Amino acid sequence: MTVSKRPSRTLQGSIIPIHYNLKIVPCPVNFSFLGVCSIEICIAEPTFIITLHAKELNIQTASTRDHILNGYNITATSVSYNVEEETITLEFPEILHAGPSWILDVTYIGLVNDKLNGFYRSVYTDADNNVHQLTTTQFQSTHARRAFPCWDEPAIKATFSLTLVAPQGVTCLSNMSVETITQLENGMQEVSFMKTPIMSTYLLAWAIGDFDFIEAYTSGDYNGEKIRCRLYAPVGLADQGHYSLDLAVKAIEYFSRLFNIPYPLPKLDLVAVPDFAPGAMENWGLIMFRTYALLIEEYGSQERKHEIAATVVHEISHQWFGNLVTMEWWSDLWLFEGFATHLAYIVVDELFPGWDIWSEFVKRIQEVLKHDSLRTSHPVEVGVANPSEITQIFDEISYMKGASVLRMLSAWLGQNQLLLGIRKFIHKYMWSNANTDDLWVTLAEECKVDVPGFMSKWTRQTGYPVLSITELDTSTILVRQSLFLSTDDVREEEDTLIWPVPLGLATASDPTPRNIMMDTKEIILKVDTTQWYKFNMGQTGFYRVSYPSKTLGLLGQTFGTEQLDTANRVGLLTDVAALVASGIAPTSSFLTLLKYFEDEQDYLVWAEISIRLQELLAVWLEQPEPIMNGLKEVQRRLFTKIVKRLGWDCPEGEDSAIVNLRAVAIRFAGRAGDPEILAEARRRFRAFMKDKNAAAIPPDLRFPVFEIVLRSTEGVDEYEDVVNYYRETFIPAEKVVALSVLGYGNSLELVRRTLAFAMSTEVRTQDILSAIATLRSSVVGRAELWNFMRHHWDVLYERHRGDIGFLDYFVVLSIESFSTLERYHEVQAFFANKDTSEYDRILATCLEGIRMNILWLERDCMNVEEWLRSNGYLATEHGSIENLSIGHNNNGLPAKAVIQDLGAANGLLGHDLASGAAAAAAATAVVAGRPAGLIKGGMSPSVSASITGTSSGDSSGTSTPANSTHYPQGGLYSQHGTYAQSQVYADIAGQGPEEQARQLLLLQKDQQQHELRMQREFQLQQQQQQQPEQARHGQGHGYTHDPNYLNQAQDQRPRSLEHDMELLSMSGDYKF
């Protein structure tokens, strides 16, 4: 008999699984489980071996039998493990003949781990302080192999029958409805589920634990029968799920109608899981979410309702586009994630037409436009081979660039045509697998245009173009496209790239966009340049536009009229912000453009203004205090005006956009130090915390008020109030708010407490990154987070390397905000001898981003100072501060030298990271192992009587006495965090301002040299001390802020058993 082969990327192509019969028996005593797996397989070619995926599974028995030839059973004689490939190979003493009737029986012991993937455990406490245990799964992308031996690739589909053994009274959930429940004598129950449709292994899921639920049903109009939809949540929280459950019912109805295919399963469950690594996961019929991504109280913020709607609809769209039709291999991940994102926006726009969801989309894609302008970006379609590579492509390029180019395609074809093509595609490939080319061919057949030719350039080329406009005369313009790079250093060979660009040109006389396709390097167009004109009208194209300054002014004058809608104003603003960061335009042009927005009314525009201002402030963070104060004054004047207009209180029934605008305005006026905002925020904070008056701070204002208060005080009382609020509230969204603002603590002590708290058992692994993300907003927090990561990297890496995306984002949060050459070299030196294979893409991206920040700052710092002074934002009594730092890096190098240095160091970027030891060695001598507290890269002395200063909040800080124990700028910390007294003092009392400035410059130089000497001595002493310590303990870093900083937290967590397999009892513990 001939059996067809199915292609496999890593396994034998001659063996095909047809059906898995799986039984899981957890053993909570030692966090292990027994698995019994019977797999119906077809063998296409005679073989002695069977190879399949398995990771951290201890195989007990393995045998095969031919269910047609009763009694013919062959037991495997050996099991070999390939750790690198994550496979096991079973060897049999007899040849297994070709045929479709084989069954592979495997019993094994696995781990209910704490890694938030595979089969893992979680725990939560309800409002009555009852502790609940639960276990659940997360199999995407390659973690099903942690729970059962399988062919763990998306193209190798099969059906599944699952049985779970659990204590009686505990809820058991899986993809399908429960078929039978058998009560066992020992207080356990055996729950069996209906057989699934054919699907990929990563879509199988189950959960065992204590849940409450609410339910609703679809109308049955599109399915022939009503579909039961339930939302499961931790005990006491199910009532916060009504909003999401209602969305789910509507989304099922919509997609059933859109695709003309009924929802394929008998039920749909949405499950809020206390510990969950991704935001959500589309398991077929059992969609998992973080509690924060699914649950919202009735009075929850409008912004969160928008986020939840997009997430819920995205995951439900996958029930067809991803589950019914599945990617052939992970290189096509973008197609299914990009389309799910695009479809979610279409549905949300129809369900909530007043939300202006496409303007939100334009706002959201700015982050991916930023990342895709780096050389370290990757194409939308990217080849992947191993699990670490697969994990790294779950990024903004796959999701949001994918969605963006599909939206561009939709604008070109027409949305209705695109949706008809998608419907045809799903009908053609349902129950099977498909790739990107399959979709383009189907769309081309449906729409009668060359879709593959148009889309291949956008999905297979890295990056995107910028259109540079040159006005030849008053009626003619030249449009030229070139690769847009955030560093504006396009090489000659890169400048040959061409994209098919839909121009979408609108003019003052004809605001309806003309759909001109530009598929050449240059094009000449007839346009009246005496009036405004705009490309990419509607912002459906994935590119930037650089206008002449005169045209930019004409476009700015349209603000306040109805000629350019919200999406176009956001697009214009973000294009200019990106162009100034890259050096194509001066930063002053962005600051000038902001003046046109003073009377802006739209929340989304103001939200984007706040983001672009914070981007600028983050790069300038360690610049002299007068400059930072000037930039913050720009921010204060913009946002305070809105607060005065809107006030603090929300009238009942107020439009959600106004609610959101008020929150943004209060937050960023408060960030800029407006005294009235600070006073009102503190008053409301006291009423909320001390008087327990919940109405004092409505939900939309809690994050802004908490942040403002923590930023503007150095006391610990307010910090303790927020920590206690985190501990006391059981509302997931409120926990996230409280946790996220702790990083704004305005002192070194509070920064360190935040780091310690984030790593404690009070914070779930999934929430650690939320706790530390805001530390980057201050000089103190930025430096301390970097020091923390370096000194505890080995522990962090060992503990979290298996957590989806954790290391990637920890690296991002710790380094991406840097803007000095010293920090750039520190990062290179630190990672030069590390195994970066699990996060090499993100590390290269961060290094390129730091390089962009350095070049931007060195290029435009004088430009910004001049703009601030000429526009009245820089106090004249400070005079020029050019000689303090403007135009130089902190080693006194001119900007040109910095650029040359970066060019030489650039060899460590991208794929050369691991081989950059030689270049990193030079930097290591100066920067590697720098003790906590030394922020030489950001030293910007205040013109005051002391050379050292304390910095907290957004600016470079105010001066403090030389012997202050506060966090000093340019100071040096010893091993235990104590300040090493400076030997350089300023004795300039009675001197004039100019002479004081000159003296301070000289002292600054001496201080830097002194600190370098101390640093080198400290490093030498540390190396000498660590050598005997390492010999005794066999470990790396000896430095910590506190000897028990991480170790205590590690000991308190439930111990992972990954390294204790040999200690597990292998027989006698499990009875059936």
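## Salt bridges

The side chains of Glu-615 and Lys-370 meet in a salt bridge with an N to O distance of 3.4 Å, the term standing for a side-chain nitrogen of Lys or Arg within 4 Å of a carboxyl oxygen of Asp or Glu. This pair links distant parts of the chain, since Glu-615 lies in helix α15 (residues 603-619) and Lys-370 in helix α6 (residues 366-371), 245 residues apart; helices here are DSSP runs of H or I with at least four residues, strands are runs of E with at least two, and both are numbered from the N terminus. Glu-615 is buried at a relative accessible area of 19%, whereas Lys-370 is partly exposed at 29%, where buried means under 20% relative accessible area, exposed over 50%, and partly exposed in between (1.4 Å probe, protein chains only).

The model is a predicted one, in which local features need pLDDT of at least 70 and side-chain atom pairs count only at pLDDT 80 or more, while totals for chains, interfaces and linings use all residues. Residues are numbered from 1 along each chain as its sequence is written, and side-chain values use heavy atoms, with hydrogens and water left out.

The count of salt bridges comes to 53. One of them joins Arg-145 to Asp-152, with the closest N and O atoms 2.9 Å apart; Arg-145 is buried at 4% relative accessibility, and Asp-152 is buried at 2%. Another joins Asp-246 to Lys-250 at 3.1 Å, and because these two residues are four apart in helix α1 (residues 242-259), about one helical turn separates them. A network of salt bridges links Arg-375, Asp-489, Arg-491, Glu-494, Glu-848 and Arg-851.

## The eight-stranded sheet

Eight strands form an open sheet with mixed pairing, in the order β5-β4-β8-β2-β1-β11-β14-β13, two strands being paired if DSSP finds at least two bridges between them. At the edges stand β5 (73-75) and β13 (178-183), each with a single partner strand, so one side of each has no neighbour in the sheet.

Within this sheet, β2 (residues 32-43) and β8 (residues 99-111) run antiparallel and are joined by eleven bridges; Leu-34 has Ile-109 in β8 as its bridge partner.

## Helix α17

Helix α17 (residues 656-671) has 16 residues and spans 23 Å from its first C-alpha to its last, close to the 22 Å expected at 1.5 Å a residue, a value taken as 1.5 Å times one less than the number of residues. Of its 16 residues, 13 are buried, and the helix is followed by Gly-673, whose phi is positive, near 90°.
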